[in-house]
Number of protein chains: 2
Amino acid sequence: MTDSIDTFTLAQGFRAAATACGLKTSSVMGASSLDLALVVAEGPCTAAGVFTTNRVKAAPVLYDQEMLTRNAGGIRAIIANAGNANACTGPRGMDDARQMAALTAQTLGCRPAEVLVLSTGVIGRHLDMHKLAQGIADLSSPAAQHGAPFAARAIMTTDTRPKVSRRQLDIGGQLVMISGFCKGSGMIHPNMATMLAIITTDAIVAPELLQAALRSAIDHSINRVSVDGDMSTNDTALLLASGASGVTIGADELPAFTAALTETCIELAKQIARDGEGATRLVEITVTGALDESQAHTVADSIARSPLVKTAVHGGDPNWGRVLCAAGYSGAAIDPDKLSLTFGLADRPGDNDSPAVQVVSNGLPTIYDQRAAAATLRSDPVLITLDLGLGDAWATVWTCDFSAEYIEINAHYTT
Amino acid sequence: MTDSIDTFTLAQGFRAAATACGLKTSSVMGASSLDLALVVAEGPCTAAGVFTTNRVKAAPVLYDQEMLTRNAGGIRAIIANAGNANACTGPRGMDDARQMAALTAQTLGCRPAEVLVLSTGVIGRHLDMHKLAQGIADLSSPAAQHGAPFAARAIMTTDTRPKVSRRQLDIGGQLVMISGFCKGSGMIHPNMATMLAIITTDAIVAPELLQAALRSAIDHSINRVSVDGDMSTNDTALLLASGASGVTIGADELPAFTAALTETCIELAKQIARDGEGATRLVEITVTGALDESQAHTVADSIARSPLVKTAVHGGDPNWGRVLCAAGYSGAAIDPDKLSLTFGLADRPGDNDSPAVQVVSNGLPTIYDQRAAAATLRSDPVLITLDLGLGDAWATVWTCDFSAEYIEINAHYTT
């Protein structure tokens, strides 16, 4: 379901609050001065997490990985700040992450091990623990902004809008809610760490099933977003299950639950891609006809990362040679003589206003209408479908066009 | 040695000519209307070639690979055109490449198998063989522009200047010349295929030794250039050895020959990086302290490909977090706590006006002078040295900064 941000709520059993504690400096204020968010459950939740694969991991990533290893069956809350990533901060950064959890636990009357921590913002600076302590105290006061819409805004950095998504799932006549929000636009800006997602459900799900569902959902959604190819030190997706619906997701229900969770995460993924730094359009790249999904993903990702493809989309230029070229160097097994490329709506999932224009068939350019092809690249979303002609596997990735504004945003940061 | 372009010559035993036959359209004219170049040897040469690894290979690439398999001991000439890449052109494209060689052989009085072919330009359009035939005929007439400087200009597409390099090598008191030219700026623009290099030497070198030398030289030079991460369908480096010096390069002399050839190619590589589309500065990234050269190269390449690093350089912003982040996701084995990062001249090969500023030591930011650090990123070349602290291996890659002009160049192409 598509929520207006103002009516957005979490799943049953959760509440959220936000406050502005001054961690965001004016130069990185973004669209909201809120910079501290709390998501708290009425009781212990099962929890799952998917984290950055960057070898340089921020302190909260290391902290949460440790907590989920020890205590995935009993998480109560997530405390998240924007403005400072607490990355490249050494042992003191780890102490600060622990302290964030401890301060939050204190106000909630739970154990520190029941609190997970998220941070996003400038790299290489220590958290101002004084401001943070005040902010955490404020979150349980009437001075805080209560409600999920405020929490969704508080974790934003260069995002131009909050990103939320909900899905309802029918399990044998009983309803389960999945509801989440996220942030992320450029991968890091001004030294910002990027993608944070907080997802809640009121289902009862064992930790290992919850982890499997989240892993699969993120791999098919947020991990298929490419804004600029940069991967952050802080990327984290957390999923808490409160059990408040009374509906149990066992092995039999897991596929349906995972599918709904994946849809929720795809909605979030599209919002991230569309809100890429300097982006003007969402670009959805689907590679079909691959020998396996991994190969399809490799080719789609190579196309999505190509600055030449993304600038061509920005200019509305049907430069199909750039797409084939990016496919060719992806490293995947392709046969140039079997490639077919279509701009706009093709025989594939999704819908779009612009009719399909096939520009390449079996490796050779077709005789196509240049203006119609250009129109497909000016529509939103832009749909690019490359058929490898080798098998039945497919994959979709999401990205955005590449505008001069991206350069402006990322070049002109005064320290 | 650094030549002025006007005094640039090939090695003994070679001559060059160029003409304008109308393959370059006005929109892709670049800095020269010359679009057809011929390099011809007095007698048969040994020859070596290194080609794009893109799975989508242009017709001339496939043609040259075939000729070098059959006839690497007897190549007489290279015919090269700009304006049309003869890529994604199917069987007719292969026929056209063969015809280019045959027409050239006819004017030179040699066999078609003695002629190699290079093309760069728009992808997916058939060569105008009528114009090309006229151009090839003109090359042996007084109407042609004779001399290597003209050939170096004729292969340019979006390059803003010709790129040439020469080295003299002393082999037991006898001199050997290595001299080459190349083109390449953005990887493809407007649907342009990219890097072409033609290198000549007057040494006597057996084909297998010549191939080994070229492979090593290109791998340590032009294959370490990253302008935008895109790899073309046409990238080709060819090396012809005329033997005119009478000096034989055997196994004993091969290391010295390869070293000189590598230096020549590094000079060309730097010229390519500095002339990247929209580039304002050459950026030289050296990764030291790696376990092996391959890991060093992987990390350096990841940094060089990061749009966030390249925009930070453009803005003169010492955003060291972006460099560490790109190292972290490179896939190489790194230990975040052992990373040290220096901007400007460090304890490494090369020289630069800006003094070194170490910004990270053992994974943590140092207390450094922000203005001095920013100054290192505004110097040319910009030197970035990341010490992984793990071993003794190192690698250098070359790239350029990323400016808004890159987007302008690549987005606004009217078909």
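Is B:Arg167 buried or exposed, at 16% relative accessibility? It counts as buried, where buried means under 20% relative accessible area, exposed over 50%, and partly exposed in between, with a 1.4 Å probe and protein chains only.

First, the ground rules. This is a predicted model, in which local features need pLDDT of at least 70 and side-chain atom pairs count only at pLDDT 80 or more, while totals for chains, interfaces and linings use all residues. Residues are numbered from 1 along each chain as its sequence is written, chains are lettered from A and ligands numbered from 1 in the order in which they are written, and side-chain values use heavy atoms, with hydrogens and water left out.

Let me start with the cores. By a nonpolar core I mean a set of buried Ala, Val, Leu, Ile, Met, Phe, Trp, Tyr and Cys residues joined through side-chain atoms within 4.5 Å. The largest one has 61 residues, and B:Ile79, B:Leu132 and B:Phe181 have the most contacts inside it. Strand β2 of chain B, residues 36-51, supplies the largest share of this core, nine residues. Helices here are DSSP runs of H or I with at least four residues, strands are runs of E with at least two, and both are numbered from the N terminus. A second, separate core has 60 residues, including A:Leu36, A:Ala47, A:Tyr63 and A:Ala151. As background, nonpolar side chains in soluble globular proteins tend to be buried together.

What is B:Phe181 in contact with, leaving aside its neighbours within four places in sequence? Contact means heavy atoms within 4.5 Å. Among the partners are B:Phe8, B:Leu10, B:Val39, B:Ile155, B:Val164, B:Leu196, B:Ile198 and B:Leu268. B:Lys163 is also one of them.

Now a polar residue. B:Asn81 sits in strand β3 of chain B, residues 75-84, and is buried at 0% relative accessibility. Its side chain makes a polar contact of 2.6 Å with that of B:Ser119. A polar contact is a pair of N or O atoms within 3.5 Å; within protein, one must be able to donate a hydrogen and the other to accept it, and residues adjacent in sequence count only if both atoms are side-chain atoms. Beyond four places in sequence, the contacts of B:Asn81 include B:Leu23, B:Asp35, B:Met100, B:Thr120 and B:Leu132.

Two strands pair if DSSP finds at least two bridges between them. Six strands of chain A form an open sheet with mixed pairing, in the order β15-β14-β13-β16-β12-β17. Its edge strands are β15 (364-365) and β17 (393-400), each pairing on one side only. Within the sheet, β13 (residues 340-343) and β14 (residues 357-361) of chain A are antiparallel over three bridges, and A:Phe343 has A:Val357 as its bridge partner.

Two helices of chain A pack on this sheet. Helix α6, residues 254-274, touches β12 and β17, and its direction makes about 40 degrees with that of β17(A). Helix α9, residues 320-328, touches β13, β14, β15 and β16, at about 130 degrees to the direction of β13(A). For these angles, axes are lines fitted to C-alpha atoms, for helices over the stretch in contact, and the values run from 0 to 180 degrees between N-to-C directions.

In chain B, β13 and β14 run antiparallel and are joined by three bridges, with B:Phe343 opposite B:Val357. β14(B) also pairs antiparallel with β15(B) over two bridges. In the hairpin of those two strands, with two residues between them, B:Asn362 takes a positive phi near 50 degrees.

Last, salt bridges, each a side-chain nitrogen of Lys or Arg within 4 Å of a carboxyl oxygen of Asp or Glu. A:Asp6 meets A:Arg153 at 3.6 Å, N to O. A:Asp6 lies in the segment before β1 and A:Arg153 in helix α4 of chain A, so the pair ties together parts 147 residues apart in sequence. A:Asp6 is exposed at 59%, and A:Arg153 is partly exposed at 23%.

That leaves B:Arg167, whose partner is B:Glu263, with the closest N and O atoms 2.7 Å apart. B:Glu263 is in helix α6 and B:Arg167 in strand β6 of chain B, so this pair links parts 96 residues apart in sequence. B:Glu263 is partly exposed at 41%.
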